[in-house]
Amino acid sequence: MGTLVAKLLLPTLSSLAFLPTVSVAAKRRFHMEAMVYLFTMFFEALHHTCEGPGLSVLCFLRQDLLQYFSIYGTALSMWVSLMALADFDEPQRSTFVMLGVLTIAVRTYHDRWGYGVYSGPIGMAVLVIAAKWLQKMKEKKGLYPDRSVYAQQIGPGLCFGALALMLRFFFEDWDYTYVHSCYHCALAMSFFLLLPKVNKKAGNAGPPAKLDFSTLCCTCI
């Protein structure tokens, strides 16, 4: 019985793998990204909680809404992570982020099950980043960004992202509970690695904001 209960709760508990990523994003002054990660974690955890037998009493939203926002939040988290990696100045950064917010919402509503809900934002972000970085390389006449960024940040982050999508679309039939839980962990690790070490656009506004319990509650509400 205990094993069955643990197996049913595992997808919910694995959703909390986003919490360290939320904390790291807040400490690095990526406050918008931290809010998106927290949004995703909240709806992922609630969606899986409401799927379990006997736990429907905890649900205050319909199952289809929870499912929609969990998928939408995941796709949006991918978009904001890649936009943070691109390191745009304002107002380009806000413009691209808002473009993702609007188009991903429509795409997710149209079809939340196909590959396009994730491949679309990823493909568009890669094109945008490639265009900017090629321009920087032309101006710099050298590699941009530094090799260490590719080796320590971009490469591992994309590998974990690819692993997460492979688990999500190709291996869940093996054992949904364990594979989907590994998907949560790989996705959270991908966001953690892709997020730059410091937000150069945040300025110097004092010590980084602390992500305490009251902040989490207010954000969820």
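1. Let's start with Glu-172, which sits in the loop between α7 (147-170) and α8 (176-194). Helices here are DSSP runs of H or I with at least four residues, and strands are runs of E with at least two, numbered from the N terminus.

2. A word on the model: it is predicted, with local features needing pLDDT of at least 70 and side-chain atom pairs counting only at pLDDT 80 or more, while totals for chains, interfaces and linings use all residues. Residues are numbered from 1 along each chain as its sequence is written, and side-chain values use heavy atoms, leaving out hydrogens and water.

3. The Glu-172 side chain does make a polar contact with the side chain of His-180, at 2.5 Å. Such a contact is a pair of N or O atoms within 3.5 Å; within protein, one must be able to donate a hydrogen and the other to accept it, and residues adjacent in sequence count only if both atoms are side-chain atoms. Leaving aside residues up to four places away in sequence, Glu-172 touches Leu-167, Val-179 and His-180, where contact means heavy atoms within 4.5 Å.

4. On to helix α3 (residues 31-51): 15 of its 21 residues are buried, so the helix is largely enclosed by the rest of the structure.

5. The whole structure holds 15 aromatic pairs. One of them, Phe-43 with Phe-69, is tilted, at 5.1 Å centre to centre and 35° between the planes. This pair links helix α3 to helix α4 (residues 63-86), across 26 residues. Rings of Phe, Tyr and Trp (its six-membered ring) pair if their centres lie within 6.5 Å; planes under 30 degrees apart count as stacked, over 60 as edge-to-face and the rest as tilted. Phe-43 is buried at 9% relative accessible area, whereas Phe-69 is partly exposed at 26%. Ring pairs link Phe-39, Phe-42, Phe-43, Tyr-68, Phe-69 and Tyr-72 into a cluster.

6. Finally, the overall picture: the chain has nine helices and zero strands, and 43% of its 221 residues count as buried.

Notes: Buried < 20%, exposed > 50% of the residue type's maximum accessible area, 1.4 Å probe, protein only.
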